[in-house]
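Let me put the structure up, and then we'll walk through it together.

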Amino acid sequence: MSVMMRGVKVRCGPPGAEGREFGNDPGKPGHYVDFTSSARDSGTPAECSLTIMNLTDESISMFEDSKNKCTVRVGHVDSGLSTLFQGNPDPKTLTVVRSGGDWATQVTIRDGGRAMDLSRLDISFQQGTSGDQVLDEIIKATGLGRGQIELGRIDFPRRFIYNGAARQALDMLVSTSATQGRSALRWFVRDGNLYILPKTTGTREQAVVYSARLGTLVGAPTATDGRGVQFTGVLVDTTLRVGRVVKLESRRFTGLYKAVSVGFRGSNYGQDFYVDVKAVPYK
């Protein structure tokens with residue numbers, strides 16, 4: 001498929017405001033946009049690095065405020081655009097560099113990064129409390145939404161006092177869980193929502209299929225530690241996220257896997273339009 005049949009659009013601006021939009025609709029001209037995203041289930045905020053050509057100073061200023069919201073949508077002419085990533089710009093990463101006769105604006109946006117970087121928690125339960133109550137306070141402090149959460153039963157029989165970073169409180173809460181091994185809990189932020197799941201438990205969404213027969217695999221999948229697998233697929237489903245189950249159909253690997261690392265890469269005028277996945281067996 002011709003690269004001109006692709007579309008990549010970035011919208012950035014204050015929450016609730018129209019902001020500014022850059023890029024192109026499928027089959028139409030517009031700003032050159034290059035994107036590379038990375039997400040893991042390790043509690044590190046997902047990131048998406050953008051390169052956008054020839055922006056005005058006013059447009060560049062949209063990425064100078066970490067409170068602004070940015071959304072990346074991609075797609076083909078026959079399917080339209082759908083959301084691939086959303087988050088807040090990190091002004092520390094913003095650069096504008098000369099590239100031939102053009103100017104390239106480069107910036108990284110982070111999914112939940114601002115919430116985790118800046119949010120603090122100051123709570124004091126003088127009597128016994130539960131992990132669910134502590135989690136409620138963490139979500140309130142960060143402003144994150146609730147994704148799929150499987151925290152299990154956690155009790156603090158005596159008083160519970162905490163003052164510090166909300167992110168560290170979340171790490172502590174997950175590590176307090178009695179589950180170990182394959183059932184050990186991991187947290188991550190996905191599209192502004194908090195998820196807490198056992199290592200091999202997937203989200204309740206329908207599995208995304210990657211198949212050699214369908215031509216959606218690029219090359220051959222390879223093995224990783226712990227009977228896991230990594231593969232590159234054609235970017236056909238922008239809803240693939242960490243925690244989601246993938247159905248892999250290849251000569252060497254066939255079955256259900258839970259995605260623990262997902263990275264999208266592509267542009268509206270370049271050659272890449274792929275997703276890189278690392279996954280573990282799902283049961």
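So, which strand gives the largest share of the lining of the largest cavity? That's E3, with four residues.

Quick housekeeping before I go on. This is a predicted model, so you know: local features need pLDDT of at least 70, side-chain atom pairs count only at pLDDT 80 or more, and totals for chains, interfaces and linings use all residues. Residues are numbered from 1 along each chain as its sequence is written, and side-chain values use heavy atoms, with hydrogens and water left out. Helices (H or I, at least four residues) and strands (E, at least two) are DSSP runs numbered from the N terminus.

Back to that cavity. On a 1 Å grid over the protein atoms alone, a cavity is a set of points where a 1.4 Å probe fits but cannot get out; a pocket is an open set with protein on both sides within 12 Å along at least five of seven lines; and lining residues have an atom within 4 Å of a point. Grid points are joined across faces, edges and corners, and a volume is the space filled by probe spheres set on the points. There is one cavity of 30 Å³ or more by this rule, and the largest cavity comes out at about 150 Å³. It has 18 lining residues, with Ala39, Ala46, Phe85, Arg190 and Arg241 closest to its centre. By class, that lining has 10 nonpolar, three polar and five charged residues. (Ala, Val, Leu, Ile, Met, Phe, Trp, Tyr, Cys and Pro count as nonpolar, Asp, Glu, Lys and Arg as charged, and the others, Gly among them, as polar.)

Now the pockets. The largest pocket is about 310 Å³, and of its 16 lining residues, Gly87, Asn88, Gly112, Leu144 and Gly192 lie nearest the centre.

Two strands pair if DSSP finds at least two bridges between them. E5 (residues 69-76) runs antiparallel to E6, with seven bridges, and Arg73 has Thr83 as its partner in E6. A hairpin of three residues links E5 to E6. On to E7: E6 pairs with E7 over eight bridges, again antiparallel, and Pro89 sits opposite Ile109. Two residues separate E6 and E7 in their hairpin, where Gly100 in the turn has a positive phi of about 65°.

What about the aromatics? There are six aromatic pairs. Rings of Phe, Tyr and Trp (its six-membered ring) pair if their centres lie within 6.5 Å, with planes under 30 degrees apart counted as stacked, over 60 as edge-to-face and the rest as tilted. Tyr32 and Tyr269 have ring centres 6.3 Å apart and planes at 15°, so that pair is stacked. Tyr32 is in the loop between E2 and E3 and Tyr269 in the loop between E19 and E20, so the pair ties together parts 237 residues apart in sequence. Tyr32 is partly exposed at 28% relative accessible area, and Tyr269 is partly exposed at 27%. Buried means under 20% and exposed over 50%, with partly exposed in between (1.4 Å probe, protein chains only).

That's my tour; happy to take questions.
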